[in-house]
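This report walks through one structure for a reader who has not seen it before. Look at the sequence and the model below, then read on.

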Amino acid sequence: SLRNDVNVSEIYNTSSNATLTVNDIAGIMKTIVPEPFEVIYKEARQSDNSAIHLDNSKLVQANPGFRFTEIEEGISKIYGHIKGLGV
């Protein structure tokens with residue numbers, strides 16, 4: 001990807017354009033996952049990004065009608081799969 005022009009490469013950002021923090025995702029998980037869990041905070045590393053924004057316009061343009069899965073639905077489906085619920 002470093003050698004190819006981003007406009008002609010076959011690399012796509014698979015993002016929803018929604019900006020969520022780790023805390024947002026943990027909060028959503030707490031509403032879906034019935035087992036109690038604790039979020040343990042660690043000190044940030046220099047290599048950690050404070051924010052990431054991915055542009056998914058190339059993906060959307062190449063796939064008209066593409067439907068993104070809402071984060072709540074995705075977490076619910078993954079949880080169901082892990083627990084063998086077949087959701």
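In which element is the place of Lys58? Lys58 belongs to helix 2. The model is predicted, and helix 2, made of residues 57–62, has the lowest mean pLDDT among the elements of the protein, at 86. Lys58 counts as partly exposed because its relative accessibility is 21%, while the cut-off for a buried residue is under 20%. Glu10 is 48 residues from Lys58 along the chain, and the C-alpha atoms of this pair are separated by 9.6 Å.

**The protein as a whole**

The protein has three helices and zero strands. Along the sequence, its pattern reads α-α-α. Of the 87 residues in the protein, 13% are buried. When contacts with a separation of 6 or more are considered, 68% of them join residues 24 or more positions apart. The mean pLDDT of the protein is 84, and 90% of its residues reach 70 or more. Helix 1 has the highest mean pLDDT among the elements, at 93.

**Helix 3**

Helix 3 covers residues 71–83, 13 residues in total. From its first C-alpha to its last it reaches 18 Å, which is close to the 18 Å expected at 1.5 Å a residue. The buried residues of helix 3 are Gly74, Ile75, Tyr79 and Gly80. What do these buried residues pack against? Their partner is helix 1, residues 22–32. An α-helix has 3.6 residues a turn, so residues three or four places apart point the same way. After helix 3 comes Gly84, which has a positive phi, near 75°.

**Helix 1 against helix 3**

Two packed helices are described by the angle between their axes and the distance between the axes. For helix 1 and helix 3, the angle is about 55° and the axes are 10 Å apart. From helix 1, the contact is made by Ile25, Ile28, Met29 and Ile32; from helix 3, it is made by Ile71, Glu72, Ile75 and Ser76. The crossing of helix 1 past helix 3 is right-handed.

**Two more residues**

Met29 is found in helix 1. Is Met29 buried or partly exposed? Met29 counts as partly exposed, because its relative accessibility is 30%. Leaving aside residues up to four places away in sequence, Met29 touches Phe37 and Ile75. Ile75 is also one of the buried residues of helix 3. Met29 and Ser76 are 47 residues apart in sequence, and their C-alpha atoms are 8.4 Å apart in space.

Glu38 lies in the loop between helix 1 and helix 2. With a relative accessible area of 66%, Glu38 is exposed. Glu38 and Ala26 are 12 residues apart in sequence, and 9.3 Å apart from C-alpha to C-alpha.

The C-alpha pairs named above are set out here.

| Pair | Separation in sequence | C-alpha to C-alpha distance |
|---|---|---|
| Lys58 and Glu10 | 48 residues | 9.6 Å |
| Met29 and Ser76 | 47 residues | 8.4 Å |
| Glu38 and Ala26 | 12 residues | 9.3 Å |

How values were computed:
Residues numbered from 1 in each chain as written. Predicted model: local features only at pLDDT ≥ 70, side-chain atom pairs only at ≥ 80, totals over all residues. Heavy atoms only, no water. Helix = DSSP H or I, 4+ residues; strand = E, 2+ residues; numbered from the N terminus. Expected span 1.5 Å × (residues − 1). Buried < 20%, exposed > 50% of the residue type's maximum accessible area, 1.4 Å probe, protein only. Contact = heavy atoms within 4.5 Å. pLDDT = per-residue confidence, 0-100. Axes fitted to C-alpha atoms, helices over the stretch in contact; angles between N-to-C directions. Left-handed = near helix turned anticlockwise from the far one by under 90°.
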